[in-house]
Amino acid sequence: MQERHSTCWNYARRKSVNNQYALEVRSLVKDYGKHRAVDNLSFSVSKGTIFGLLGPNGAGKTTALECIEGLRDRTSGEISVLGIDPAAHNGALYRTIGVQLQTSGIPGMMTPRDAMHFFGRYHGIIPDTALLDRFGLGGKKDVPYASLSVGQKRRLSLAAASAHSPDILFLDEPTAGLDVESRLELHTLIREMRDVGKTVVMATHDMAEAENLCDELAIIINGRIAVIGTPSQVTAAGDKRTTITVSTENGSVIHGKPELPGAAQVSIKDGYVQYQSHDPGASVVKLLAFIEEQHDVLVDLRVERPSLEQRFMEITKNKETAA
Amino acid sequence: MNGYTFHLIYDFKTGLRDKSLMLMNYLFPLAFLAMTGLFMAQINPFFRELMVPGMVIFAVMTSALLNLSSTMITEREAGIYRSYRVNGVRALSLVTIPAAGHLIHAFLVSVIVTALSIFVFGGTAPVHWGWFFLVFLLVSLSLSTFGQLIGIVSPSQRAGLLFAQGLYIPSVVLSGIMVPQDMIPENLNLFTSLLPAAHGIRGFEAFAMGSSASTYAGGVSLAVLAASILVNLVLCLKLFQWEDKAEVKPRRFLALLAFVPFLISLAV
């Protein structure tokens, strides 16, 4: 076997596919007996982007990913991963993609150094264990997998998945169970992969993660795509009310109850009054004028557009109501 | 070094690093040898003639049936096979590498067992070492592929232990590794002939130990062991599962085909 050397971040492209999409899924259906887990799913992922599959537990994200990764046979539909049909060309697929599964399956006695060699050599490369330094595992190279923390295990599985410089990476809940710091570190690593031309497809139910990380995302409910687009597009497509939160020194907005155009007061808590407004600009101008009229002093003012999480809750609620 | 070779070396090293594997590969068979060497030879003088082949088969069988099957089930249940699969590891590697790794451990422990049996406990030394090695090879591979088949078709650790013990305990008692086969009641012959260990003993006696045992029967036993290796490997590959929650349930009853070569031997 001819061996290739992998350098730390030398993600030179090994093949060129004359297609703007790294992944194309058309009318994907997956049935488990009578239960339809994935129902007519269609989407495309452009090369060099981070694409997120979002949805509540049991929505079909992992099943869809596993069909794409060739781990499950699809019931019907078409899948093309860099021009490869996962059902037909399993071997070729695994040389091209990197996969981080939801649960990392590495033998307990295997050290990170062993894992890099083990998986790397099956991909036909001599892995650069310096990659472990990049993933913050430099001091843990010879520690058995079973002794690593959850975050270290996650980072090792991501390092192993990217050791052979795959063109496309599939990550299933990559930051599940991680603390804030580890999650941010992983986000940085994932962005760096995208920045060197890799395509990343990730399943997550962490809305903040998807909003910060993904260039494009799809929300899946009951096996179907409920909405797809950039995080801004997805958020903007829903309830357009902006949340305005205000606090003053003398509590004039609590006692005075100002009339704000296109806004409704939704809560008062800990000296803060919260409004939802269809016209945030006009509402804020009116609110500031009211505070000045009352000879009060502004302490805190926050204007927040609807978050992806709120949009997600809205979609989920609508779907449940429709069902 | 390619992935297969690295995997094989890793598998071998794990057999030494992992305490429970180490126990079943080496320590338990050696402790059993010490116990039987000290006491069995006093109770049953014929045991000295059986000691080398019997204890070699015992050591090989313990690691093959009790270690290999449970390791396979553990790895499948922990999702390790799925990780292997998405990294391009083939089912053929996962079937052949544990068998090859087991063979190396079996060889090492057999060398120790043979030396201790002869030089410490007064066991009879083999006369034909070449035949001894050939029979060892066949019986080791037959038992390791049986162990793997059990690991592959067992839906859980509990079932795996049950199936493995179902072959292991009768083999210890009836295959002739503790008492000579001609002392075992004739009405158990049919059952005894289904045990790979019994054919191993017949092979050792006929070709390696210089006894008066029938070379025809020994030859049939070696052919049965060789055939069982092939049948088991085919069944392992056919029934191999990457994960526990496989959508298409494997036809586990097909594993019983592993006994076909042994059944045929009854008619020969």
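Domain bounds come from an automatic or database domain assignment. On that basis, chain A is divided into domain 1 (4-236) and domain 2 (242-305). The C-alpha centres of domain 1 and domain 2 of chain A lie 44 Å apart. The structure is a predicted model, in which local features need pLDDT of at least 70, side-chain atom pairs count only at pLDDT 80 or more, and totals for chains, interfaces and linings use all residues. Residues are numbered from 1 along each chain as its sequence is written, and chains are lettered from A and ligands numbered from 1 in the order in which they are written.

Chain B contains 11 helices and zero strands, where helices (H or I, at least four residues) and strands (E, at least two) are DSSP runs numbered from the N terminus. The radius of gyration of chain B is 18 Å, close to the 18 Å that the globule rule gives for 268 residues, so chain B is as compact as a globular protein of that length. The radius is taken over C-alpha atoms, and the globule rule is 2.2 Å times the number of residues to the power 0.38. The C-alpha trace of chain B spans about 55 × 40 × 35 Å along its principal axes.

Two helix pairs within chain B are described here. The axes of α1(B) and helix α5 (residues 91-119) of chain B come within 9 Å and cross at roughly 45°; axes are lines fitted to C-alpha atoms, for helices over the stretch in contact, and angles run from 0 to 180 degrees between N-to-C directions. α1(B) and α5(B) are therefore oblique to each other. Angles under 35 degrees count as roughly parallel, over 145 as roughly antiparallel, 65 to 115 as roughly perpendicular and the rest as oblique. From α1(B), B:Y4, B:H7, B:L8, B:D11, B:F12 and B:G15 meet residues of α5(B) that include B:S93, B:I97, B:P98 and B:I104. Residues are in contact if their C-beta atoms, placed from the backbone, lie within 7 Å. The contact of α1(B) with α5(B) has seven nonpolar, five polar and one charged residues. Ala, Val, Leu, Ile, Met, Phe, Trp, Tyr, Cys and Pro count as nonpolar, Asp, Glu, Lys and Arg as charged, and the others, Gly among them, as polar.

Helix α10 (residues 215-239) and helix α11 (residues 260-267) of chain B have axes that come within 8 Å and cross at roughly 155°, and α10(B) and α11(B) are therefore roughly antiparallel to each other. In α10(B), B:V220, B:V224, B:A227, B:S228 and B:V231 meet B:V260, B:P261, B:F262 and B:S265 in α11(B). The residues of this contact divide into seven nonpolar, two polar and no charged.

The contact between the chains takes 22 residues from chain A and 21 residues from chain B. On the side of chain A that touches chain B, α3(A) gives the largest share, six residues. The residues of that side divide into 12 nonpolar, six polar and four charged. Helix α3 (residues 112-122) of chain A and helix α1 (residues 3-17) of chain B pack at an angle of about 145°, with their axes 7 Å apart. A:D114, A:H117, A:F118, A:R121 and A:Y122 in α3(A) meet B:G3, B:F6, B:H7 and B:Y10 in α1(B).

Key: Contact = placed C-beta atoms within 7 Å.
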